[in-house]
Amino acid sequence: MARISHPLPAGATNEAQISAFEEYIGHRLPVDYRQFLFQLNGGRPVPDAVLLNGEEEDIVMCFFPMRDLQIGNVDVEAIEELRTWPLHCAWDDLQSERKDLYAEAEIEQALLPIGTDGSGNYFCVVLDGDHADAVVFLDLETGDTFSLANSFTAFLSSLRERTRMDYAIGSE
């Protein structure tokens, strides 16, 4: 299973913040993902590579941390700022795209962006429906989703060493 490098990039979270976030999004988070937030609250997985459709390699640059909803919208001006970008901002970003993107791609489940590849795409937890708790990759340009694992824990276990070395983001 992947370990998390640089955990707690925005500090620790607590039950009150997680409960407030769940109320904000209207869904309960998967148990294993909640536990991840309590223990590590974001960070970079090592190893960080994932296969999309069993063939195309991509990386998980980082997992977004839970931050207090009271901080409101946080703009990202540099790629490194994604490491502390609040989970609620990722949710809001995808919700603003939802009407067009979800309709075009025929996405029926609610998706929570939990991390990014650093290229504008999201790793998401499915929040409802037949595939609730699963992790998918969401290509924001095409709206395509790729199933990655049945749970957050299984997703972490599936991460592997990179075979490509041409990513703009270095490994640690």
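Biologist: Is A154 buried, partly exposed or exposed?

Modeller: This is a predicted model, and what follows is computed from it. A154 has a relative accessible area of 34%. Buried means under 20% and exposed means over 50%, with partly exposed in between, so A154 counts as partly exposed. The residue lies in helix α4, which covers residues 152-158. A134 is 20 residues away from A154 along the chain, and the C-alpha atoms of the two are separated by 8.9 Å.

Another helix, α2 (residues 31-39), can be read by the same cut-offs. Its buried residues are Y33, R34, F36 and L37. Seen down the axis of α2, these fall within an arc of 155°, so they line one face of the helix. The face turned away from that buried side carries V31 and Q39, which are exposed. Just after α2 comes N41, with a positive phi of about 45°.

Last, the largest pocket. The space in it is about 220 Å³. It is lined by 17 residues, of which D58, D117, S119, N121 and Y167 are the closest to its centre. Strand β4 (residues 56-59) gives the most to this lining, with 4 residues. By type, the lining of the largest pocket divides into 8 nonpolar, 3 polar and 6 charged residues.

Technical notes:
Residues are numbered from 1 along each chain as its sequence is written. This is a predicted model: local features need pLDDT of at least 70, side-chain atom pairs count only at pLDDT 80 or more; totals for chains, interfaces and linings use all residues. Side-chain values use heavy atoms; hydrogens and water are left out. On a 1 Å grid over the protein atoms alone, a cavity is a set of points where a 1.4 Å probe fits but cannot get out, and a pocket is an open set with protein on both sides within 12 Å along at least five of seven lines; lining residues have an atom within 4 Å of a point. Grid points are joined across faces, edges and corners, and a volume is the space filled by probe spheres set on the points. Helices (H or I, at least four residues) and strands (E, at least two) are DSSP runs, numbered from the N terminus. Ala, Val, Leu, Ile, Met, Phe, Trp, Tyr, Cys and Pro count as nonpolar, Asp, Glu, Lys and Arg as charged, and the others, Gly among them, as polar. Buried means under 20% relative accessible area, exposed over 50%, partly exposed in between (1.4 Å probe, protein chains only). The arc is that of the directions from the helix axis to the C-beta atoms.
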